[in-house]
Amino acid sequence: MPHEVRGVVARSKGAQVAIETIVVPDPGPGEALVQVQSCGVCHTDLHYREGGINDEFPFLLGHEAAGVVEAVGDGVTDVAPGDFVILNWRAVCGQCRACLRGRPWYCFATHNAAQKMTLADGTELSPALGIGAFAEKTLVHAGQCTKVNPAASPAAAGLLGCGVMAGLGAAINTGGVTRGDSVAVIGCGGVGDAAIAGARLAGAAKIIAVDIDDRKLEWARGFGATDTVNSRETDPVEAIRELTGGHGADVVVEAIGRPETYEQAFYARDLAGTVVLVGVPTPDMKIELPLLEVFGRGGSLKSSWYGDCLPSRDFPMLVDLYLQGRLDLDGFVSETIGLDEVEEAFGKMERGEVLRSVVNL
Ligand SMILES: NC(=O)c1ccc[n+]([C@@H]2O[C@H](COP(=O)([O-])OP(=O)(O)OC[C@H]3O[C@@H](n4cnc5c(N)ncnc54)[C@H](O)[C@@H]3O)[C@@H](O)[C@H]2O)c1
Ligand SMILES: [Zn+2]
Ligand SMILES: [Zn+2]
């Protein structure tokens with residue numbers, strides 16, 4: 001029997017999102033039906049609504065979620081009804097070239113549910129990032145469910161499903177931040193602050209937060225920034241050099257996705273340092289750099305998708321660190337809201353008033 005639930009749908013480009021009745025099939029082979037408890041509002045949901053990802057409207061939004069498995073289809077052995085899970089958009093296939101080389105965090109053929117969720121009239125929905133969790137129930141591939149300690153609050157745990165994992169992983173996995181490093185993070189929204197929290201966890205000695213908004217810099221201190229730079233008032237490259245004995249930072253994380261801030265990151269790193277681009281640029285953006293500088297500075301210029309995470313490895317570990325009080329996931333939850341407040345939450349996000357609004361179901 002299919003399930004009729006409420007979900008937040010973007011019908012067409014730029015139109016306000018609205019709650020609609022969603023028809024969710026029972027899980028088929030390899031699939032899981034999840035009762036969603038919490039789902040964060042991420043910038044990517046807004047990108048979907050604006051047609052910035054693709055044109056496959058209508059979208060069922062929401063992808064930063066935690067919940068409880070209600071039912072599983074044939075052949076599912078890793079999760080069972082009653083399990084508390086974080087949903088992920090990297091259910092690795094185990095078969096592609098990346099997986100076979102032992103680098104599943106680059107998997108090129110990640111799994112999603114085979115069956116479609118629909119509107120009441122049968123129109124097929126495109127779930128955001130193959131998840132669609134601004135809904136009371138959602139259907140995913142069982143590999144998209146990562147079981148974690150149920151003692152964690154769903155609102156906090158769900159954030160590991162996207163933005164917070166992306167930032168933490170950009171510092172720890174992609175940037176390889178380690179004890180004693182100097183780190184600068186440009187852009188201190190949810191993703192940048194997670195990079196700061198990751199740098200602190202990894203033992204960085206100096207963590208420099210850069211933003212144009214003093215309120216964001218204040219929050220960044222709470223996650224572990226040792227120094228802050230308002231780049232509207234101060235040249236961030238000069239400031240980062242000064243704060244690192246004239247050298248530049250070992251690792252610079254760019255968490256905005258703009259050419260001018262990428263350029264700041266490029267020049268603010270030490271010789272042989274690492275730049276990690278985790279902010280997502282738009283297709284029109286270009287950057288010009290002296291090739292001699294790219295060569296002469298050595299080191300590496302990397303980008304980070306989903307923090308190069310492996311959900312099965314990283315989610316349970318990070319939830320444990322959270323439960324031990326070593327990772328402040330609650331600090332990212334600026335407010336909890338209802339399903340009917342997602343559109344308002346987009347406005348708060350654009351005005352910089354929140355790190356994360358989280359829908360509680
Ligand atoms: N790579 C991934 O897998 C992944 C996953 C999730 C999100 N993202 C991307 O990460 C980026 C950040 O996401 P977020 O949720 O933290 O967004 P956000 O809007 O909450 O944060 C952006 C921050 O950058 C600051 N900022 C803007 N312009 C600036 C400038 N010129 N100089 C300094 N600071 C500036 C803002 O004040 C804000 O604090 C987005 O591009 C998002 O799409 C990437
Ligand atoms: Zn694969
Ligand atoms: Zn996201």
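This briefing covers the domains, the ligand shell and the strand pairing of the structure above. The model is predicted: local features need pLDDT of at least 70, side-chain atom pairs count only at pLDDT 80 or more, and totals for chains, interfaces and linings use all residues. Residues are numbered from 1 along each chain as its sequence is written, while chains are lettered from A and ligands numbered from 1 in the order in which they are written.

**Domains**

- The chain splits into domain 1 (3-161 + 328-360) and domain 2 (166-305). These bounds come from an automatic or database domain assignment.
- Their C-alpha centres are 29 Å apart.
- Contact involves 6 residues of domain 1 and 9 residues of domain 2. Two residues are in contact if their C-beta atoms, placed from the backbone, lie within 7 Å.
- The side of domain 1 that touches domain 2 has 2 nonpolar, 2 polar and 2 charged residues. Ala, Val, Leu, Ile, Met, Phe, Trp, Tyr, Cys and Pro count as nonpolar, Asp, Glu, Lys and Arg as charged, and the others, Gly among them, as polar.

**Shell around ligand 1**

- Ligand 1 lies between domain 1 and domain 2, because both give residues to its shell.
- There are 29 residues around ligand 1, and A166, G187, G189, V191 and V280 come nearest. A residue is near a molecule if its C-beta atom, placed from the backbone, lies within 6 Å of it.
- Two or more residues each come from α1 (43-49), α4 (163-174), α5 (190-201) and β12 (206-211). Helices (H or I, at least four residues) and strands (E, at least two) are DSSP runs, numbered from the N terminus.
- Helix α5 gives the largest share, 3 residues.
- By class, the shell holds 13 nonpolar, 13 polar and 3 charged residues.

**The six-stranded sheet**

- An open sheet of 6 strands runs in the order β13-β12-β11-β14-β15-β16, with parallel pairing. Two strands pair if DSSP finds at least two bridges between them.
- β13 (227-230) and β16 (300-303) are the edge strands; each has a single partner, so one side of each lacks a neighbour in the sheet.
- Neighbouring strands are turned by 15° against each other on average, direction ignored.
- β12 and β13 run parallel and are joined by 4 bridges. A209 stands opposite T228 in β13.

- β17 (residues 333-337) pairs with β18 (residues 356-360) in the parallel sense over 4 bridges.
- I337 is opposite V359 in β18.
- With helix α11 (residues 342-350), β17 and β18 make a right-handed β-α-β unit. Right-handed means that, with the strands pointing away from the viewer, the path from the first strand over the helix to the second runs clockwise.

Technical notes. Axes fitted to C-alpha atoms, helices over the stretch in contact; angles between N-to-C directions.
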